[in-house]
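Please examine the sequence and the three-dimensional structure shown here before reading the report.

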Amino acid sequence: MEFSKNILITGGAGFIGSHVIRLFVNKYPNYKIINFDKLTYAGNLSNLIDIENKSNYEFVKGDICSETEVRLVFEKHNISDVIHLAAESHVDRSIEGPMEFVLTNVLGTVNLMQIAKSLWKENNHVFHHVSTDEVFGSLGSEGLFMESTPYDPRSPYSASKASSDHFVRAFFHTYDFPVKMSNCSNNYGSHHFPEKLIPLVIHNIVNKIEIPVYGKGENIRDWLWVEDHARAIDKIFHNGKVGESYNVGGLNEWTNIDLVKYLCKILDAKLNRQDGESAQLIKFVKDRAGHDARYAIDASKLEKELGWKPSLKFEEGLEKTVDWYLLNQEWTEKITNGSYQQYYKKMYTN
Ligand code: NAD
Ligand code: DAU
């Protein structure tokens with residue numbers, strides 16, 4: 001079958017990438033979707049078990065930092081477009097070891113663009129770079145991040161993402177390279193690696209392990225249902241303007257401690273525990289170094305120009321998420337391969 005586009009989705013075996021792949025494979029049977037992923041600790045092909053046999057889907061194991069592997073996949077599949085999600089994504093890991101973040105997030109992004117630029121001769125291609133709101137830094141109690149907010153990254157993770165964003169813009173301005181960009185707030189939903197706050201808290205409540213809350217738990221995040229992020233990427237990829245960036249967020253701010261307490265309440269009810277029982281697991285631990293106080297996104301450009309809106313209320317999405325983790329407890333055990341306990345011990349018990 002002749003496909004109208006051959007889209008390379010990088011990082012498709014990870015949390016958000018797997019939701020983007022599922023959406024595109026199901027919604028666009030006339031597109032060939034090539035999932036290019038190195039399968040690091042965060043990449044897991046069982047995230048895509050429901051679509052892996054579809055004729056418009058193919059997995060290619062590879063590293064975005066490798067010139068040979070990227071060139072090969074571009075040439076073999078005649079790649080017409082890229083949606084770039086592959087990254088090292090966890091702030092705590094970036095504090096422990098920044099170099100991997102520089103390599104994957106900066107060098108990997110530039111490598112992909114260099115190769116695409118050398119092969120794309122017409123002007124009908126799109127390189128959609130998926131970025132984060134963390135590049136804007138940290139807000140006080142007022143205000144929202146706009147697309148025009150100056151960059152002020154503060155963690156090694158956000159510095160690496162900011163650097164990759166600058167390279168993406170530089171390729172547009174210098175070479176007319178056809179980029180589109182999105183900067184999204186915190187995602188939640190199924191298949192989220194259990195080092196991140198929401199899946200970690202669910203895991204710990206279920207297994208009656210202490211819940212580590214950094215500092216006083218007063219930091220604020222703006223949470224968005226991962227499938228709504230995937231829908232935003234679909235809109236921006238198809239209808240966004242070349243050279244522009246779009247903020248994506250849920251207007252849904254929670255302090256960490258309120259969110260953790262809310263999860264405790266949901267799970268007390270679902271696990272037939274006494275109201276308040278799981279909250280006893282909460283333990284305030286040493287704060288994250290350089291912990292950003294508040295993120296909150298103004299997504300009005302995306303809403304006005306491209307007609308996107310979050311589809312799901314947080315309470316509903318969180319309940320669905322909890323149900324998914326309760327039904328798929330072996331997923332967490334399998335993907336962490338026993339390392340969850342080691343990771344947890346290393347991070348929180350000293
Ligand atoms: P994730 O850690 O769950 O998945 C990352 C994926 O990239 C994994 O499948 C991994 O195997 C793959 N990968 C890593 N290094 C690679 C390499 N060198 N070559 C090929 N593949 C590689 O991450 P996520 O949370 O799904 O985030 C995806 C993207 O979205 C990232 O770019 C991240 O910065 C961005 N983002 C994430 C959030 C969030 O809340 N999770 C919010 C905004 C933006
Ligand atoms: O804002 C978008 C970003 O959101 C993405 O770019 C990142 O890839 C993604 O990991 C996420 O970053 P955060 O650092 O905000 O997410 P994390 O789940 O690690 O932490 C959420 C908040 O909860 C943060 O304030 C730190 C806090 N926290 C986290 C963990 C893992 C705790 O209090 N305890 C924990 O055990």
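This report describes aromatic rings, charges over rings, a helix and a loop residue in a predicted model.

## Aromatic pairs

A pair of aromatic rings is described by the distance of the centres and the angle of the planes. The structure holds 20 aromatic pairs. Phenylalanine 24 and tyrosine 28 form one of them, with the ring centres 5.4 Å apart and an angle of 50° between the planes, a tilted arrangement. Phenylalanine 24 has a relative accessible area of 0% and is therefore buried. Tyrosine 28 is also classed as buried, because its relative accessibility is 14% and the limit for a buried residue is under 20%.

A further pair joins phenylalanine 136 and tyrosine 151. Their centres are 5.4 Å apart and their planes stand at 90°, which is an edge-to-face arrangement. Both residues lie in the loop between strand E5 (126-132) and helix H5 (156-175), so the pair ties together parts that are 15 residues apart in sequence. Phenylalanine 136 is buried, with a relative accessible area of 5%.

## An aromatic cluster

Six residues belong to one aromatic cluster: Phe74, Trp120, Phe127, Phe171, Tyr175 and Phe177.

## Charges over rings

## Helix H6

How many of the 10 residues of helix H6 are buried? Nine of them are, so this helix, which spans residues 197-206, is largely enclosed by the rest of the structure. The buried residues are Ile198, Pro199, Leu200, Val201, Ile202, His203, Asn204, Ile205 and Val206.

After H6 comes lysine 208, which has a positive phi, near 55°.

## Aspartate 275

Is aspartate 275 buried or exposed? Its relative accessibility is 63%, so aspartate 275 counts as exposed, since the term applies over 50%. Aspartate 275 is found in the loop between helix H8 (256-270) and strand E12 (282-285).

When residues up to four places away in sequence are not counted, aspartate 275 touches Lys265 and Asp268. Leucine 197 is 78 residues from aspartate 275 along the chain, and the C-alpha atoms of the two residues are separated by 21 Å.

Notes: Residues numbered from 1 in each chain as written. Chains lettered and ligands numbered in written order. Predicted model: local features only at pLDDT ≥ 70, side-chain atom pairs only at ≥ 80, totals over all residues. Heavy atoms only, no water. Phe/Tyr/Trp six-rings, centres within 6.5 Å; stacked < 30°, edge-to-face > 60°. Buried < 20%, exposed > 50% of the residue type's maximum accessible area, 1.4 Å probe, protein only. Helix = DSSP H or I, 4+ residues; strand = E, 2+ residues; numbered from the N terminus. Contact = heavy atoms within 4.5 Å.
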